[in-house]
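Please open the structure in your viewer and keep the selection panel at hand. The tour goes from one selection to the next and says what is to be found at each stop.

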Amino acid sequence: MRSHMVRTVIPSSRRLSSSAPPGSPGPTVVTVGVGVFAVYHLLLAAFMVLAPHTFFTDIGPFGARNDHYVRDVATYNAALGFAFAVSLRRIGWRIPVLTLTTVQFALHSINHLVDIGRAHPAWNGYFDFFSLAALTLLLAWLSRKAMLEGIG
């Protein structure tokens, strides 16, 4: 009497796990990118929480230092890092996490462009803007690649 039960089959290109069967190619560029951004965001969050003064003076020297706001932004980075880490195993999370982070990086880049000459030292403002803009393009490319591959 089990004839009424239907077994759901997931095609191999849409596996829910990042572990590949034996003999298959290694991780995709999207998987590697997701892993790198997970580590990036988690390390950045830890740095901001553990050394807010150093983060302010070396990475974000804009305006007056405020350790509370640095730690507030750390919580956002930690949440993104966690979401990227989860999406390593839950493929369906990848496109939303990549897309959200692309938008966040684009807006962050615009904010740095507006304040590009206000960093101290001044070169830091230019470096921050161009590095954020480059990462925005990388995230957009990874998002597009994930969409074209049907990941997530």
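A pocket here is an open set of points on a 1 Å grid over the protein atoms alone, with protein on both sides within 12 Å along at least five of seven lines, and its lining residues have an atom within 4 Å of a point. The model is a predicted one, in which local features need pLDDT of at least 70 and side-chain atom pairs count only at pLDDT 80 or more, while totals for chains, interfaces and linings use all residues. Residues are numbered from 1 along each chain as its sequence is written, and side-chain values use heavy atoms, with hydrogens and water left out.

Begin by selecting Phe-55, Ile-59, Gly-60, His-108 and His-112, which lie nearest the centre of the largest pocket among the 31 residues that line it. The space in this pocket comes to about 750 Å³, a volume being the space filled by probe spheres set on grid points that are joined across faces, edges and corners.

Next, colour the helices, which are DSSP runs of H or I with at least four residues, numbered from the N terminus. At least two residues of the pocket lining come from each of helix 1 (29–50), helix 2 (52–58), helix 3 (67–89), helix 4 (94–114) and helix 5 (122–148), and helix 5 gives the largest share, 7 residues. By type, the lining holds 18 nonpolar, 9 polar and 4 charged residues, where Ala, Val, Leu, Ile, Met, Phe, Trp, Tyr, Cys and Pro count as nonpolar, Asp, Glu, Lys and Arg as charged, and the others, Gly among them, as polar.

Now show helix 1 together with helix 3, whose axes come within 7 Å and cross at roughly 155°; axes are lines fitted to C-alpha atoms, for helices over the stretch in contact, and angles run from 0 to 180 degrees between N-to-C directions. Helix 1 is therefore roughly antiparallel to helix 3, a term for angles over 145 degrees. The residues of their contact (heavy atoms within 4.5 Å) divide into 17 nonpolar, 6 polar and 1 charged.

On the helix 1 side, select Val-30, Thr-31, Val-34, Tyr-40 and His-41, and on the helix 4 side Arg-94, Leu-98, Thr-101 and Phe-105, which together make the contact.

Finally, select Pro-121 in the loop between helix 4 and helix 5, where the peptide bond from His-120 to Pro-121 is cis, with omega near 5°.

Conventions:
1 Å grid on protein atoms, 1.4 Å probe; cavity = no way out; pocket = protein on both sides within 12 Å on 5 of 7 lines; lining within 4 Å. Parallel < 35°, antiparallel > 145°, perpendicular 65-115°, else oblique.
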